[in-house]
Amino acid sequence: MPDTGRIIRELADKKAIHELMAHYADRIDANDPEGAAACFAEDGIGVYWQDCAGPKAIAERLTGILAHFHATSHHLSNVQIRLTGDTATAQSYVYAFHRVKADMERPMHVWGRWIDALRKVDGAWKFARREVVSVGSIGSVRVPGDLDHPGHPGRLSR
Amino acid sequence: MSSEKAILELAEKQAIYEMMAHYADRIDANDPEGAAACFAEDGLGVYWQDCVGPKAIAERLTGILDRFHATSHHLTNVQIRLTGADTATAQAYVYAFHRVKADMSTPMHYWGRWVDELRKVDGRWKFTRREVLGIGSIDRGGDDLAHPGHPGRLERDAAAADFSVKEDA
């Protein structure tokens with residue numbers, strides 16, 4: 001007999017985490033760094049090509065990044081979540097369109113991964129750690145590293 | 001439908017979605033054996049030619065992946081139909097970024113469909129058939145117009161594609 005109670009709780013947790021990820025993208029694209037940073041736990045680490053600890057430092061870093069752009073659109077897909085009770089790890093894909101203030105004719109495109117550790121805090125999932133890993137980018141502004149992006153996590157060489 | 005049946009069907013669909021995401025993860029990790037392990041032992045992979053079984057599929061994928069420095073296969077529009085206790089069919093959309101070794105400054109972009117048949121083997125969903133169908137691509141800055149296109153795409157006379165406003169019929 002399958003434990004439907006456990007199954008439905010796990011599906012609900014995965015749905016809640018997926019919605020947190022979508023909400024984060026919504027806040028980034030709304031040019032709302034504080035709103036995006038509020039998706040982190042109080043001691044959460046955001047790794048945006050440098051480590052930022054806590055929502056305040058994360059919001060400051062995001063403010064500096066978002067100031068380059070007239071508009072952004074972060075498209076979330078390939079959401080993979082592993083639950084371990086009240087903690088979880090996740091990997092998701094992002095393609096992001098960026099309208100660049102300095103060159104409105106030439107958008108920047110970025111393909112990457114969000115690598116997350118999560119924790120349930122007072123019943124709500126928060127990022128305990130979120131790292132942005134780039135796989136590729138094109139456009140008038142290049143993501144740090146660009147052609148030697150660290151690339152897909154664990155990418156194999158043959 | 002009983003709530004137990006509804007819950008179990010959601011769980012099966014989630015498991016199939018996660019398997020599709022895992023397949024993309026293995027492709028983008030440059031791991032053809034890992035991707036091929038998503039197929040049943042008698043599974044058929046159609047990558048512009050038929051490949052039967054994980055070994056033949058891994059060989060085919062190796063040849064394809066060797067062209068690329070990096071890839072990113074973005075999975076969306078996942079539609080799954082559970083057709084029995086342990087069988088399913090599915091269609092999903094894929095957009096894929098490819099950093100091409102031969103020309104690192106000009107990525108290839110690819111839009112397509114994954115059309116799947118699945119079976120549960122020892123409690124895990126596997127592809128019994130997966131076909132890649134191209135809708136369009138931009139390769140080295142040029143357009144490739146020769147893709148087969150969306151499954152079941154309808155043909156209509158050009159006259160039907162009329163956006164003008166009509167007074168009355």
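How many residue pairs are in polar contact between chain B and chain A? In this predicted model, where local features need pLDDT of at least 70, side-chain atom pairs count only at pLDDT 80 or more and totals for chains, interfaces and linings use all residues, side-chain values use heavy atoms, with hydrogens and water left out. Residues are numbered from 1 along each chain as its sequence is written, while chains are lettered from A and ligands numbered from 1 in the order in which they are written.

The count is 17 residue pairs, both partners being at pLDDT 80 or more; a polar contact here is a pair of N or O atoms within 3.5 Å, where within protein one must be able to donate a hydrogen and the other to accept it, and residues adjacent in sequence count only if both atoms are side-chain atoms. On the side of chain B that touches chain A, two or more residues each come from H1, helix H3 (53-65), strand S3 (68-82), strand S4 (87-100) and strand S5 (103-121) of chain B. H1(B) provides the largest share, 13 residues. Sorted by class, this side has 17 nonpolar, 11 polar and seven charged residues.

Contact (heavy atoms within 4.5 Å) links 35 residues of chain B with 30 residues of chain A. About 2700 Å² is buried between the two chains, and carbon and sulfur atoms give 54% of this area; buried area is the accessible area (1.4 Å probe) lost by two parts on being put together, summed over both. Ile7(B), Asn30(B) and His74(B) supply 20% of the area that chain B buries against chain A, more than any other three residues. Two salt bridges are counted between the chains, a salt bridge being a side-chain nitrogen of Lys or Arg within 4 Å of a carboxyl oxygen of Asp or Glu. Lys14(A) and Glu18(B) form a salt bridge through their side chains, at 2.6 Å from N to O.

Lys14(A) and Glu18(B), along with Gln14(B), Ala15(B) and Arg124(B), lie nearest its centre among 31 lining residues. Its lining draws two or more residues from each of helix H1 (4-29), strand S3 (69-84) and strand S4 (87-100) of chain A, and helix H1 (3-28) and strand S6 (124-139) of chain B. H1(B) gives the most, nine residues. A pocket is an open set of points on a 1 Å grid over the protein atoms alone, where a 1.4 Å probe fits, with protein on both sides within 12 Å along at least five of seven lines; lining residues have an atom within 4 Å of a point.

Technical notes. Helices (H or I, at least four residues) and strands (E, at least two) are DSSP runs, numbered from the N terminus. Ala, Val, Leu, Ile, Met, Phe, Trp, Tyr, Cys and Pro count as nonpolar, Asp, Glu, Lys and Arg as charged, and the others, Gly among them, as polar.
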